[in-house]
Amino acid sequence: MVQLATPADLASYLQQALDASTANLVLDIASADFEAEADTKFSSTATTYTVEGVGQRCISLPRLPVIAVQSVTVDGVVVTDYVRIGPNLYRIVGFGGYSVYPAAVVVSYTHGYTAVPDDVRGAVLESAAQAYSNPDLAVREQIDDYVVQRVSGAGGIGLTATAAKVAHRYRVGAVA
């Protein structure tokens, strides 16, 4: 797991000295939550995608953004006569045959981001700061006879509303 912000960033954001263990914990959780919500990685990741080839001229790679395509094979034969435009691979003769049996098309590629964008870092810091500052959620307070009832660990562990909006933009591809 890659932290999308550093403990030093969080200390600066909160303008206070932090417990290193707790800071790392909330940054790990906030980073993981953000990547899951955004449905992408903010570090480059090599992956393999296998799809049935039935002569289609375009294959759309599922993990975005695509950084590079290392290889494409059709039934074990390396092909190089394709063009990549964004997450799509195009081939004039199609991927696979037109017979009854589909071909196995295997694409090895790298996806993700090579650097963490500032809006992502800010969203993770906001969520981590909330978790660090308010690890418990008061669900009931009472003045007479002073009663405060808390639910441990339910405070800020999770994305803030703003962070969720930023993650949604990455999920739907609104950010290039």
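Asp-119 is partly exposed, with a relative accessible area of 28%. That value comes from a predicted model, and the exercises below work on this model.

**Exercise 1. Find what joins Arg-169 to Asp-119, and state which helices the two residues lie in.**

Solution. 
Step 1. Look at the closest N and O atoms of Arg-169 and Asp-119: they are 2.8 Å apart.
Step 2. Apply the cut-off. A salt bridge needs the side-chain nitrogen of Lys or Arg within 4 Å of a carboxyl oxygen of Asp or Glu. Arg-169 and Asp-119 form a salt bridge.
Step 3. Place the residues. Arg-169 lies in helix α4 (residues 161–171), while Asp-119 lies in helix α3, so the pair ties together parts that are 50 residues apart in sequence.
Step 4. Check the exposure of Arg-169. Its relative accessible area is 35%, and it is partly exposed.

**Exercise 2. Decide whether Glu-35 is buried or exposed, then name its salt-bridge partner.**

Solution. 
Step 1. Read the relative accessible area of Glu-35: 8%.
Step 2. Compare with the cut-off. Buried means under 20%, so Glu-35 is buried.
Step 3. Find the partner. The side chains of Glu-35 and Lys-41 meet in a salt bridge, at 3.6 Å from N to O.
Step 4. Check Lys-41. At 32% relative accessibility, Lys-41 counts as partly exposed.
Step 5. A search of the whole structure finds six salt bridges.

**Exercise 3. Trace how β6 pairs with β2 and β5, and describe the hairpin.**

Solution. 
Step 1. Start with β2. Four bridges join β2 to strand β6 (residues 88–95), and the two run antiparallel. Ile-59 stands opposite Leu-89 in β6.
Step 2. Move to β5. Three bridges join β5 to β6, again antiparallel. Here Val-83 stands opposite Tyr-90 in β6.
Step 3. Look at the turn. The hairpin of β5 and β6 has two residues between the strands, and Gly-86 takes a positive phi near 60 degrees.
Step 4. Turn to the surface. Val-83, Ile-85 and Tyr-90 form a nonpolar patch there, with about 280 Å² of accessible area together.
Step 5. Check one member. Ile-85 is found in strand β5 (residues 83–85). Ile-85 is exposed, with a relative accessible area of 53%.

**Exercise 4. Locate Leu-64 and list the residues it touches, leaving out those up to four places away in sequence.**

Solution. 
Step 1. Find the element. Leu-64 is in the loop between β2 (56–60) and β3 (66–74).
Step 2. Leu-64 has 38% relative accessibility, so it counts as partly exposed.
Step 3. List the contacts. With residues up to four places away in sequence not counted, Leu-64 touches Thr-40, Pro-87, His-111 and Gly-112.
Step 4. Compare sequence with space. Leu-64 and Asp-39 are 25 residues apart in sequence, and their C-alpha atoms are 8.5 Å apart.

Note on methods. Residues are numbered from 1 along each chain as its sequence is written. This is a predicted model: local features need pLDDT of at least 70, side-chain atom pairs count only at pLDDT 80 or more; totals for chains, interfaces and linings use all residues. Side-chain values use heavy atoms; hydrogens and water are left out. Buried means under 20% relative accessible area, exposed over 50%, partly exposed in between (1.4 Å probe, protein chains only). Contact means heavy atoms within 4.5 Å. Patches are made of residues with over 30% relative accessible area and no salt bridge: like charges are joined within 9 Å, nonpolar side chains (Val, Leu, Ile, Met, Phe, Trp, Tyr) within 5 Å. Accessible areas come from the Shrake-Rupley method with a 1.4 Å probe; for residues, only the protein chains shown count as cover. Two strands pair if DSSP finds at least two bridges between them.
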